[in-house]
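Thank you all for coming; I would like to take a few minutes to walk through one structure with you. Please have the sequence and the model open as I speak.

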Amino acid sequence: MTESTAQGGARVGGKVALVTGAASGIGLACAQRLAAEGAAVLLTDINEAAGRAAADALAQTGARASFATHDVTSEPIWEQVIALAEERYGALHVLVNNAGIAVAGRLVDLSLADWQRQQAINLDGVFLGIKHAIPAMLRAGSGSIINLSSVAGLQGANRLAAYCATKGGVRLLSKAMAVECGAEGWPIRVNSVHPGIIDTAIWGTIAPTALEEGANAVDLDAMTATVPLHRPGDPGDIANGVLFLASDDSSYMTGSELVIDAGLTA
Ligand code: NAD
C-alpha cells in the first residue's frame, strides 16, 4: 500500500511537504496535487478560515493533510511551522514557498510602506522559509525547495515594478541557494517556478491600480489572447510543475527556472 489517495499515484510517496499560501489559488492546487501523489502536506496561510477548510477537505479524501496559521513575514512563526511539520509527520522534505501578494501601481505613486510590504511577503518570506527549512531537510536526509517566482521575475511589467523586484529577487535567491547547498555538500535542491497568467484571486487584488484609466477589471482572456496557447492557465498547470520539482523525477535539477507560461515569454 502506498500513501496515495484513490485519485492519485505516489510520485512523492513518503515525503513531507509544507506549502505556504495554500488557502487558495496555486498554493491550494500544489497542496492537493502533492497530497494526491502520496505526500503528507502541511498547508499554511495567513487566512486561517480558508486554509483550515482546504486542509479539512483534503484530509476527508484520505490524504495526510493539516493546516497551520502562518504569516510568512514572521521568523518565530516560521520556526514553529517547520517544527510542527516534523512533529506531525516526522520530517520535512519539500518546501513550496508560494505565498505572495501583488502591490500594483506606478512606482511614483507607491509609498515606502507599499514597497516594504511587497518585499516582506514575497522576498523576506522566501528567505525565512529557506533559512529555516534547510536544517530540517538536513535532518530528513534530503530536500527540494520550490520558490514561486513569475514571468515578472524574467521581464518587466507595467505598474508592477515592486512585484517584479521581488520576483527577480526570488529567481536569483533560488539560484544562489542551489549553488550554496552544492558548495556545502547538502543534498537539497532549490529551483524557481515562473507562472504566466494564471486564473486566481490575485488578479482581483491587482485591479484597478495596474490598469489603464477607465478600466475596472482585469480581463485574463484578453491578456492571453496573443500568447501562443491563447488562454489563461489553471492553478493545476503550475501544481504539475511543482509536483515534478518536488519528486525524484527532477533529481538532476537544481538552480533551474521552470517557466510555465503558455509561451508568454517565448
Ligand atoms: P492567491 O491570492 O490566490 O493566493 C495567495 C495566498 O497567499 C492567499 O491564500 C493568501 O492568503 C496568502 N498570503 C498572502 N499574504 C500572506 C502572508 N503574509 N503569509 C502567508 N500567506 C499569505 O494568488 P496566487 O495567484 O495563487 O499566487 C500564488 C503565488 O504565485 C504568488 O507568489 C504569486 O506571486 C505567484 N504567481 C501568480 C501568478 C498568477 O497569474 N496568478 C503568476 C505568477 C506568479
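**Helix packing and the ligand shell**

Helices α4 and α5 are roughly parallel to each other, a word used for angles under 35 degrees, while over 145 is roughly antiparallel, 65 to 115 roughly perpendicular and the rest oblique. This is a predicted model, in which local features need pLDDT of at least 70 and side-chain atom pairs count only at pLDDT 80 or more, whereas totals for chains, interfaces and linings use all residues. Residues are numbered from 1 along each chain as its sequence is written, and side-chain values use heavy atoms, with hydrogens and water left out.

The axes of α4 (residues 112-140) and α5 come within 9 Å and cross at roughly 15°, where axes are lines fitted to C-alpha atoms over the stretch in contact and angles run from 0 to 180 degrees between N-to-C directions. Helices here are DSSP runs (H or I, at least four residues), numbered from the N terminus.

A second pair is α1 and α8 (residues 235-246), whose axes lie 8 Å apart at an angle of about 50°, and α1 and α8 are therefore oblique to each other.

Turning to the ligand, α1 (25-36), α5 (161-184) and α6 (202-206) each supply at least two residues of its shell. There are 28 residues around the ligand, and I26, D45, N98, Y163 and T200 come nearest, a residue being counted as near if one of its heavy atoms lies within 4 Å.

As for polar contacts (pairs of N or O atoms within 3.5 Å), a side-chain N or O atom of Y163 is 2.6 Å from an oxygen atom of the ligand, and a backbone N or O atom of I46 lies 3.4 Å from a ligand nitrogen atom.

Methods:
Polar contact = N/O pair within 3.5 Å; in protein donor to acceptor, adjacent residues only side chain to side chain.
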